Amino acid sequence: MPEPPRFIATLDSNSRRTPVRIAFLTRRTSPQVKVADDDVVMTWPNGMFRALVAIELLVIALIWLSVLWDAPLEALADPMQTPNPAKAPWYFLGLQELLHYFPPIVAGVLIPGLVVMALVVVPYFNINVEAEGVWTKNRQMRLRVFVVTLFAMIALLLAFKVYAVLAPTLLIGAAMLAAARPHPNRRFAIWLASKPLSYWIVTWFLITASVLTIIGTFFRGPGWAWVWPWEL
């Protein structure tokens with residue numbers, strides 16, 4: 001004969017932890033009967049095995065690239081002859097491009113510091129913790145704040161003639177304004193309206209960093225003057 005189930009009197013809403021129970025429901029708990037298992041992967045060995053396979057494939061690809069093509073290295077550094085232009089590595093060319101527009105303290109300290117601070121702090125805003133769209137609540141107030149901020153950024157970029165950053169700013173601003181308009185029957189507009197503030201900030205940052213890096217790599221010649229790639 002099977003043992004009869006034992007009923008446990010407890011305050012709980014997890015039916016998997018205490019499947020047979022007498023639950024006293026309060027205002028802060030709710031009976032959870034149907035629970036679906038999440039799609040998870042154990043770190044060991046599944047997750048570690050996938051990471052090792054990815055690392056091995058990357059190493060093999062890098063070895064084949066090094067065998068087939070030589071690295072684009074220049075001659076040995078000569079302290080008596082500085083190349084013109086002296087370009088930083090590609091991952092610093094965005095900052096070097098900003099130095100063309102702003103003073104060093106602004107381009108090298110203030111702007112990177114503010115960007116890093118925004119990327120760290122903004123995801124913890126309540127609007128992002130709840131994963132809601134920017135225009136889901138308080139549409140009119142948020143729209144006014146956004147318009148004022150956007151025009152202030154445009155005025156600042158025009159004053160310093162930073163057209164490389166102005167273009168992504170106008171693009172993201174136009175997309176956010178389009179998302180603010182209600183389009184109940186358009187899937188793309190609904191998808192845009194569902195994006196939180198952190199999504200827009202990170203998208204603007206990635207596009208701006210890519211544009212600055214591309215300009216510094218392919219469109220800057222002697223004296224950091226604008227040149228076309230086929231003229232280098």
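# A tour from the chain's end to a helix pair

Start with Trp 224, which sits in the segment after helix 8. Helices here are DSSP runs of H or I with at least four residues, numbered from the N terminus. This is a predicted model, in which local features need pLDDT of at least 70 and side-chain atom pairs count only at pLDDT 80 or more, while totals for chains, interfaces and linings use all residues. Residues are numbered from 1 along each chain as its sequence is written, and side-chain values use heavy atoms, leaving out hydrogens and water.

Stay on Trp 224. Its phi is positive, about 60°, although it is not a glycine. Most residues other than glycine have a negative phi. Trp 224 counts as buried, at 10% relative accessibility. (Buried means under 20% relative accessible area, exposed over 50%, partly exposed in between, with a 1.4 Å probe and protein chains only.)

Next, select Lys 161, in the loop between helix 5 (139–160) and helix 6. Lys 161 also has a positive phi, near 60°. Is Lys 161 buried or exposed? Lys 161 is exposed, with a relative accessible area of 53%.

Move on to helix 6 (residues 163–180) and helix 8 (residues 197–218). They pack at about 155°, with axes 9 Å apart. That makes helix 6 roughly antiparallel to helix 8. (Angles over 145 degrees count as roughly antiparallel, under 35 as roughly parallel, 65 to 115 as roughly perpendicular and the rest as oblique. Axes are lines fitted to C-alpha atoms over the stretch in contact, and angles run from 0 to 180 degrees between N-to-C directions.)

Now show the side chains between them. Among those of helix 6 in the contact are Leu 171, Ile 172 and Met 176; among those of helix 8 are Trp 200, Trp 204 and Ile 207. Contact means heavy atoms within 4.5 Å.

Pick out Thr 208 in helix 8. Thr 208 is buried, at 7% relative accessible area. Thr 208 touches Val 165 and Pro 168, not counting residues up to four places away in sequence.

Then select Glu 97 and Arg 220. Their side chains meet in a salt bridge, 2.7 Å from N to O. (The rule asks for a side-chain nitrogen of Lys or Arg within 4 Å of a carboxyl oxygen of Asp or Glu.) The pair links distant parts of the chain, 123 residues apart: Glu 97 in helix 2 (residues 93–99), Arg 220 in the segment after helix 8. Glu 97 is buried, at 0%. Arg 220 is buried too, at 5%.

Last stop: Pro 85, in the loop between helix 1 (43–68) and helix 2. A cis peptide bond joins Asn 84 to Pro 85, with omega about 5°. Most peptide bonds are trans.

Terms used: Helices (H or I, at least four residues) and strands (E, at least two) are DSSP runs, numbered from the N terminus.
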